[in-house]
Amino acid sequence: MSHPADLIHLFNGIPFTTRSSVELLRSLDRFQAREDDLLLVSYPKSGTHWLAEIMKHLYLSKVALTSPMELGDISKLDELNNMIAKRIIPTHLSYDMLPRDFKEKKCKVIYIIRNPKDTAVSLYHYYRDNPNLPTIEAWSTYLHMFLHGEVVCGSWFDHVLSWEEHKNETGALFLHYESMKKDPFQSVRRICTYLGINLHENEIHEICKKTSFSEMKNSVEKENSDPNQTVCALTSSKKLVFRKGTVGEWKHYFTNKQNRLFDEMYNRKMHSSSLAKNLHY
Ligand code: A3P
């Protein structure tokens, strides 16, 4: 698959959309972090918007009103620099590409991970629907690209492993999309514990309700606000983000042979990953 230069370019061998320009990617390492920055890290299509919405509600809740937050896009560095409130920064960068200052200031990190087969299906639809990404016709062509890191943001395996390898230095909280679906209450509670936010059970239930798939999808559809205002450079319209929000959709896409090939690669790459063992894979 070729990468049309007006949509995709390679940086350090990784495909990025041209909205994340070479200048921007080169300037990342000079980025000034703040000690209370919070990073929401994910490989694309792993539930980034869901996590961001939970954070918005957590910080809007009465407990955290003393420290209002703003959601910032790492592809808009000037905007981020000018933010006054606590910054919550979603990013798809791998650990190796993360601006050094975040590491030095030991900023908190929440990493959301999703079964890669469902992630692959979700990204496939995203490629098909998103005018910022090249057109892909066949699922089989796309799946080969996904497995070989030729899709936007590169290899799922490398991304996950880069963050897992440094989990002791970052002290990151790892959340699984599938566990969040199964038990959102526990997941929000884990986030609260990690951030030192003390919420009443009712408030947690309220947040889970407001951030359910149907609530989020409906509110985006009704929204009068700018539909282009999203959490990252990859997204052209928030409306494209909320598709099915389910677990196990991959079963309708993978042939037996594709599944076997995927499993072989998964086992080869992820055999020493403790994250992978808990992935409901
Ligand atoms: P599907 O394409 O499988 O439906 P990201 O925000 O990282 O781009 O991830 C998008 C994926 O997360 C989409 O998956 C989307 O439907 C799903 N998603 C978004 N909000 C969700 C929610 N509140 N609950 C469950 N899944 C959600």
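**Close-up views of a predicted complex**

**View 1. Residues around the ligand.** Thr48, His49, Ser122, Arg243 and Gly245 come nearest among the 21 residues around the ligand, where a residue is near a molecule if its C-beta atom, placed from the backbone, lies within 6 Å of it. This is a predicted model, in which local features need pLDDT of at least 70, side-chain atom pairs count only at pLDDT 80 or more, and totals for chains, interfaces and linings use all residues. Residues are numbered from 1 along each chain as its sequence is written. At least two residues of the shell come from each of α2 (48–60), α5 (116–129) and α12 (213–222); helices (H or I, at least four residues) and strands (E, at least two) are DSSP runs, numbered from the N terminus. The shell has six nonpolar, 10 polar and five charged residues, with Ala, Val, Leu, Ile, Met, Phe, Trp, Tyr, Cys and Pro counted as nonpolar, Asp, Glu, Lys and Arg as charged, and the others, Gly among them, as polar.

**View 2. Contact of α10 with α11.** Pro184, Phe185, Val188 and Arg189 of α10 meet Ile204, His205, Ile207 and Cys208 of α11 (contact: C-beta atoms, placed from the backbone, within 7 Å). This contact has six nonpolar, one polar and one charged residues.

**View 3. Confidence along the chain.** The mean pLDDT (the predictor's confidence in each residue, from 0 to 100) of the protein chain is 89, and 90% of its residues reach 70 or more. For the complex, the predictor gives an ipTM of 0.99 and a pTM of 0.93.

Definitions and conventions: Two residues are in contact if their C-beta atoms, placed from the backbone, lie within 7 Å.
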